[in-house]
Amino acid sequence: MNINKGKEWWMGASHFQMELANIAKCLLLGVVILWIQIHGNKGCFEEERLALLDFKAFVGSNGFDTDHLLPSWIDDTTSNCCEWERVICNSTTGHVTELLLNNTRQYNIESSSFYNDENSWCVNLSMFQQLKELKTFNLSYNHFDCSIDNQGCERLSKLKKLEVLDLAWNKFNNIILPSFGALISLKTLILSCNRMEGSFPIQGMFDL
Ligand SMILES: *[C@@H]1O[C@H](CO)[C@@H](O)[C@H](O)[C@H]1NC(C)=O
Ligand SMILES: *[C@@H]1O[C@H](CO)[C@@H](O)[C@H](O)[C@H]1NC(C)=O
Ligand SMILES: *[C@@H]1O[C@H](CO)[C@@H](O)[C@H](O)[C@H]1NC(C)=O
Ligand SMILES: *[C@@H]1O[C@H](CO)[C@@H](O)[C@H](O)[C@H]1NC(C)=O
């Protein structure tokens with residue numbers, strides 16, 4: 001008799017454990033759904049955050065003080081990249097839609113030292129390919145010197161939503177032109193003060 005009672009108690013306990021496990025599962029699901037909702041509203045997708053941090057690392061690797069230039073771009077998963085300076089997200093989708101990387105080094109563009117700047121640095125544009133919802137991209141006033149090869153320009157073709165691309169005041173040359181053909185949403189392309197050669201319209205622009 002005692003043994004049977006013990007068995008009943010044990011079966012009751014295991015039933016209780018199963019209930020607990022079910023409750024735990026529901027709770028976990030709830031937490032996941034909540035996390036997705038908060039994450040979705042807050043914005044900042046992991047692949048976009050990492051792409052931006054790649055750019056910060058690139059700036060740092062060229063000897064510039066990124067704590068001063070991009071202070072809010074913190075490598076911390078709790079840091080919302082939609083709140084970083086120079087970054088604008090769509091508040092509904094949480095995707096980065098605008099990136100204002102104009103004059104990254106914050107030079108005084110009124111001074112002649114900016115125009116005489118001989119610091120050579122070239123950005124590998126493929127680091128931005130994850131920003132698939134990007135609409136406006138301002139890379140002007142950076143003196144990017146990318147005449148050796150096309151440095152990932154072809155990867156820009158992944159930016160199917162890109163409407164405005166400002167590359168003024170860099171040292172890009174004609175090599176990058178064919179890459180723009182794949183930017184199907186592009187409406188405004190600013191290439192002034194680069195190293196384009198030849199008479200207008202330059203060969204390669206025809207594909208736009
Ligand atoms: C944000 O994205 C939604 C959904 O794609 C779109 O309807 C809305 O116009 C966008 N908002 C802005 C400010 O671009
Ligand atoms: C970048 O350009 C925007 C206008 O598009 C301007 O408001 C901002 O001050 C510029 N940033 C720098 C560092 O020049
Ligand atoms: C890009 O930024 C520069 C300032 O650094 C500004 O003059 C220019 O208008 C911006 N381009 C666009 C398309 O807004
Ligand atoms: C640019 O970056 C991509 C991806 O990281 C890499 O495959 C490519 O070789 C790089 N291009 C150059 C010219 O360094």
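**Close-up views of a predicted chain**

View 1. Helices (H or I, at least four residues) and strands (E, at least two) are DSSP runs, numbered from the N terminus. Residues are numbered from 1 along each chain as its sequence is written, while chains are lettered from A and ligands numbered from 1 in the order in which they are written. In this predicted model, local features need pLDDT of at least 70 and side-chain atom pairs count only at pLDDT 80 or more, whereas totals for chains, interfaces and linings use all residues.

**View 2. The open sheet.** The five strands form an open sheet of mixed pairing, in the order E1-E2-E3-E4-E5. Strand E1 (87-89) and strand E5 (188-190) are the edge strands, each pairing on one side only. Two strands pair if DSSP finds at least two bridges between them.

**View 3. Strands E3 and E4.** Strand E3 (residues 136-138) pairs with strand E4 (residues 164-166) in the parallel sense, over three bridges. Thr136 stands opposite Val164 in E4.

**View 4. Surroundings of ligand 3.** Around ligand 3 lie Asn102, Asn103, Asn138, Ser140, Tyr141, Val164, Asp166 and Ile190; a residue counts as near a molecule if its C-beta atom, placed from the backbone, lies within 6 Å of it. The shell around ligand 3 has three nonpolar, four polar and one charged residues. Ala, Val, Leu, Ile, Met, Phe, Trp, Tyr, Cys and Pro count as nonpolar, Asp, Glu, Lys and Arg as charged, and the others, Gly among them, as polar.
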